[in-house]
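Trainee: I'm new to this one and would like a close look at a single part. Could you walk me through it slowly?

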Amino acid sequence: GSLLAEAGPAGGVPYFYHPADSDIVREFYESCLPGCAAGDPLLQNGRYCQITHAFAAQYLAAMTAHGQSAEVTCDRKGLDLVSDTKDGGFFYPLALGAKISSWYDTCHEASSPAAAAAAGPAA
């Protein structure tokens, strides 16, 4: 059978695959598209995701209202990735899904062992 050409890297040699592999190649390319962090819905506009991660949402609400969070701790860098709305929702651009997912890993209850380890030794 014939081979189908796919564009290679800019200025590079094109890649080829057998037509029988088209489903596998399509699945691979779809996996390269940006997506929301796990569990977060994509808004109807197709450009933003809504934060639904419980600890992250609790942290963001406390930080927005009081400038601090006593019950949940997250890496403060996540604050720069998120926007809020007047109704209390928190959103981020679709392209930041992987970064938000990694940021979620930094969110813990303030009394958890992971939060204590992240805070460092007590003075």
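Trainee: Which residue does a disulfide join to Cys36?

Mentor: Cys49 is the partner, with the two sulfurs 2.0 Å apart. Before we go on, this is a predicted model, where local features need pLDDT of at least 70 and side-chain atom pairs count only at pLDDT 80 or more, while totals for chains, interfaces and linings use all residues. Residues are numbered from 1 along each chain as its sequence is written, and side-chain values use heavy atoms, leaving out hydrogens and water.

A disulfide here is a pair of cysteine sulfur atoms within 2.5 Å. Cys36 sits in the loop between α1 (22-31) and β3 (48-50), and Cys49 in strand β3 itself, so this pair links distant parts of the chain, 13 residues apart. Helices (H or I, at least four residues) and strands (E, at least two) are DSSP runs, numbered from the N terminus. The torsion about the S-S bond is about -80°, so the Cys36 and Cys49 disulfide is left-handed.

How covered are the two ends? Cys36 is partly exposed at 23% relative accessible area, whereas Cys49 is buried at 0%. Buried means under 20%, exposed over 50%, and partly exposed in between (1.4 Å probe, protein chains only).

A search of the whole structure finds 2 disulfides. The other bond joins Cys74 to Cys107, S to S 2.1 Å. Its torsion is about 120°, so that one is right-handed. Cys74 lies in the loop between β4 (72-73) and β5 (83-84), and Cys107 in the loop between α3 and β7 (108-109), so parts 33 residues apart in sequence are tied together. Cys74 and Cys107 are both buried. Number the bonded cysteines in sequence order and the pairing reads 1-2, 3-4.
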